[in-house]
Structure formats: C-alpha cells, structure tokens
Amino acid sequence: MKRWLAAIAAALALSGCGYNDFQRLDEQSRSAWSEVLNQYQRRADLVPNLVATVKGEANFEQETLTKVVEARAKATSMQVTPDVLNNPEAFQKFQQAQGELSSALSRLMVVSERYPDLKANQGFRDLRVQLEGTENRITVARNRYIQTVQEYNVLARSFPTNVTAKVFGYQPKPSFTVANEAQISTPPQVDFGGKK
C-alpha cells in the first residue's frame, strides 16, 4: 500500500513540475525563431534584385544604395545558431543588424519617390510590393516568437515550475526589443506653417 501511495505521489509531483511544458515551449520558440529567420532570409534575397533594378536608373542616389548593400551584407554575415536564443548579447547584435537593414530599405523607398522613372518601372513596383509583404511577414513571425517566449518565460518564473527551471538550467529567453525606444516614444513634431 505504501508503494502505491508513493508512486501516486511521485506521479502527481512530476505532472506539476513542468518539465514537458519546458520541452514543448522550447521547441515552439525554436520553431518560431526559425520562421523569423526564414522571413529575414526572404528579405535578404529580395535586396539584390531591388538594388539591381534601382541601379538601372542612371541618376539614382548612390549613397543610399550603398547603405542598403552594406546593411544587407552585415545582416547576412551574422552566424545565427539556436544558441543566439539563449544569449541576450548575441540576440541584441542580431536584432541591431536586422534593424539597420530595415532602416536602409526604408530610406531607399523614401528616396525612390523622387524618381518618377523608377516608380514607373514595373520590376521595381513588383519588388516593392514583395518587400512590403515580407516586412509584414517579419512582423507576424516576430509576434509569434514574442508570444512563445512569453509563455516560456512565465513558465520559467512561476512556482512550482521555477524549481524545475533551476534544476535543469532553463533560463528565461530574450525577446525582441526596440533599439530606439526613447526616439519612438517621443511624439512627432508637426508644423503646418512650413516654407512656401
């Protein structure tokens, strides 16, 4: 009888330890991260086509184009492994490189508005639509990753599963952050009395 009670107590204790939940959420976060990387790669693959199309326009601003090429090179040169998910410093560097590429592409799109021949180019328009779609996919993939990491981190910090986390070394995972939080939290200045 004592053996049965001990076995039932052990089964109940193990069912509440969260070990399987850690495994499930760890795999989900890795899967979600893979989707983020997949969308970043899709964007990186579009950039050479976009650059080649833009280069076809003789008067286009070379500096902006150079910044896009350099940002893509930096973003794609980083070696991304599953360990990046558990290393906040490496994760931050990766995020920064991807942010620089996003920023350079945004500047390219803004500058392209001043070139009617470029805007009229069907190849450029198609690439622009694909790039906008890819940016939306990146946002969706990031959101899924953030939700999965949030579930994992709550599990790692909640009692009694935090005991399992300490025993097996499950550390909270880093989430996406905004590099320029102070800048984007400042309301924009609007002046309708500008130059005439």
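Helices in this tour are DSSP runs of H or I with at least four residues, numbered from the N terminus. The model is predicted: local features need pLDDT of at least 70, side-chain atom pairs count only at pLDDT 80 or more, and totals for chains, interfaces and linings use all residues. Residues are numbered from 1 along each chain as its sequence is written, and side-chain values use heavy atoms, with hydrogens and water left out.

**Stop 1: Gln-98**

Start by selecting Gln-98, which sits in helix H4. Is Gln-98 buried or exposed? With a relative accessible area of 3%, Gln-98 is buried (buried is under 20%, exposed over 50%, partly exposed in between, with a 1.4 Å probe and protein chains only). Now show what surrounds Gln-98: setting aside neighbours within four places in sequence, Gln-98 is in contact with Tyr-40, Arg-43 and Ala-75 (contact means heavy atoms within 4.5 Å). Draw a distance between the side chains of Gln-98 and Arg-43, and you will find a polar contact of 2.5 Å. A polar contact is a pair of N or O atoms within 3.5 Å; within protein, one must be able to donate a hydrogen and the other to accept it, and residues adjacent in sequence count only if both atoms are side-chain atoms.

**Stop 2**

Glu-89 is exposed at 58% relative accessibility, while Lys-93 is partly exposed at 47%. By this rule the structure has five salt bridges.

**Stop 3: helix H2**

Next, move to H2, residues 19–55, and pick Asp-21 and Arg-24. Here the salt bridge spans 3.6 Å, N to O, between residues three apart and about one helical turn from each other. An α-helix has 3.6 residues a turn, so residues three or four places apart point the same way. Asp-21 is partly exposed at 32%, and so is Arg-24 at 39%.

Now select Asp-26 and Lys-173, whose closest N and O atoms are 2.8 Å apart in a salt bridge. This pair links distant parts of the chain, 147 residues apart: Asp-26 is in H2, and Lys-173 is in the loop between H7 and helix H8 (181–185). Asp-26 is buried at 15% relative accessibility, and Lys-173 is buried at 5%.

**Stop 4: helix H7**

Color H7, residues 161–168. Which residues of H7 are buried? They are Thr-161, Asn-162, Thr-164 and Ala-165.

**Stop 5: the nonpolar patch**

Finish with a surface view of Tyr-19, Phe-159, Val-163, Val-167 and Phe-168, a nonpolar patch with about 550 Å² of accessible area together. Such a patch takes residues with over 30% relative accessible area and no salt bridge, joining nonpolar side chains (Val, Leu, Ile, Met, Phe, Trp, Tyr) within 5 Å, and like charges within 9 Å. Areas come from the Shrake-Rupley method with a 1.4 Å probe; for residues, only the protein chains shown count as cover. H7 supplies the largest share of the patch, three residues. Phe-159 lies in the loop between helix H6 (122–157) and H7, and is exposed at 69% relative accessibility.

Note on methods: Salt bridge = Lys/Arg side-chain N within 4 Å of Asp/Glu carboxyl O. Helix = DSSP H or I, 4+ residues; strand = E, 2+ residues; numbered from the N terminus.
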